[in-house]
Amino acid sequence: MGKVVVVTSGKGGVGKTTSTAALGAAVAKTGKKVALVDFDVGLRNLDLIMGAERRVVFDLVNVIQGTAKLSQALIRDKRLETLYLLPASQTRDKDALTEEGVAEVIARLRQVFDYVFCDSPAGIERGAQLAMRFADEAVIVTNPEVSSVRDSDRIIGLLDARTMRAEQGEHIAKHVLVTRYDAARAARGEMLSIDDVLEILSVPLLGIIPESQDVLRASNLGAPVTLSEPTNAAAKAYLEAARRLEGEDLPVIVPFERKGFLDRLLGRRAA
């Protein structure tokens, strides 16, 4: 039976969908069979980042309502044969999702795939709760900002209270993924430090993704950064985060600010 991982956040715009694509592609590169499920009904961004928007014929709502088979709605990635996408509907709203329907789709995906990544809408509304409802593990995506971290803390409360595992008295594994980390701003005290984030959330750190235009460029090209530019710093951070998600014990290195020659010269004089 495959593992279901919800990628969630309290605040929108933190890089959740980008992280879903990057982590899913990274795991699929190892040969594992991976499904990415877009729960953001009404917006539908994951198919754009995966470069599959023109291939969407059926979606998650069609499968739940029985107007399409799961095999008809799944889109195989054009770069990795072990990576699949189940897109969200762009024309329906979150009320089209039912708990019974989601349960059935997730159960069938578990039978076929090693990993099922559920890309949750931001916040605590019905769509987000259904995305996390049947998860075994959660990746909580946050930026190192107070509002983002505080909202993530609310999501942790929901994971511990409203998931199927919680209702059965079981533990749901949780990881925090810090995105858009800027070492220079952190050094100037303009954003929370990694220690501050971990102290507030008390959740193990899955990885730190540095702020990078490479991530945005890859998304605009319709490719996860772990596939399109696997050697840049952000892609490497995602690849290592994926290895930790699979249970590998890797240290997390906090990115530091690289100073130029003039900065180092001035630094020595000041000392």
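1. Both β8 and α13 (233–245) contribute at least two residues each to the lining of the second largest pocket, with helices (H or I, at least four residues) and strands (E, at least two) taken as DSSP runs numbered from the N terminus. The largest share of that lining, five residues, comes from α13. The model is a predicted one, in which local features need pLDDT of at least 70, side-chain atom pairs count only at pLDDT 80 or more, and totals for chains, interfaces and linings use all residues. Residues are numbered from 1 along each chain as its sequence is written, and side-chain values use heavy atoms, with hydrogens and water left out.

2. The second largest pocket holds about 340 Å³ of space. Here a pocket is an open set of points on a 1 Å grid over the protein atoms alone, with protein on both sides within 12 Å along at least five of seven lines; a cavity is a set of points where a 1.4 Å probe fits but cannot get out, and lining residues have an atom within 4 Å of a point. Grid points are joined across faces, edges and corners, and a volume is the space filled by probe spheres set on the points. Of the 14 lining residues, Ala 233, Ala 237, Ile 253, Val 254 and Pro 255 lie nearest the centre of this pocket. The lining comprises nine nonpolar, one polar and four charged residues, where Ala, Val, Leu, Ile, Met, Phe, Trp, Tyr, Cys and Pro count as nonpolar, Asp, Glu, Lys and Arg as charged, and the others, Gly among them, as polar.

3. At least two lining residues come from each of α1 (16–29), α2 (46–49), β7 (173–181), β8 (205–210) and α11 (213–220). The element that gives the most is α11, with five residues. By class, this lining has 10 nonpolar, 12 polar and five charged residues.

4. Over the whole structure, the search finds one cavity of 30 Å³ or more. The largest cavity has a volume of about 60 Å³. Its lining consists of Met 50, Gly 51, Ala 52, Arg 55, Ile 75, Arg 76, Asp 77, Lys 78, Arg 79 and Leu 85. Four of these residues are nonpolar, one is polar and five are charged.

5. Helix α1 packs against α13 at an angle of about 65°, with the axes 9 Å apart; axes are lines fitted to C-alpha atoms, for helices over the stretch in contact, and angles run from 0 to 180 degrees between N-to-C directions. That angle makes α1 roughly perpendicular to α13, the term covering 65 to 115 degrees, while angles under 35 count as roughly parallel, over 145 as roughly antiparallel and the rest as oblique. In α1, Thr 18, Ser 19, Ala 22, Leu 23, Ala 26 and Val 27 meet Tyr 238, Leu 239, Ala 241 and Ala 242 of α13, contact meaning heavy atoms within 4.5 Å. This contact has eight nonpolar, two polar and no charged residues.

6. Helices α7 (residues 146–162) and α10 (residues 194–201) pack at about 30°, with their axes 10 Å apart. The two helices are therefore roughly parallel to each other. Val 149, Arg 150, Ser 152, Asp 153 and Ile 156 of α7 make the contact with Val 197, Ile 200 and Leu 201 of α10. By class, the contact of α7 with α10 has five nonpolar, one polar and two charged residues.
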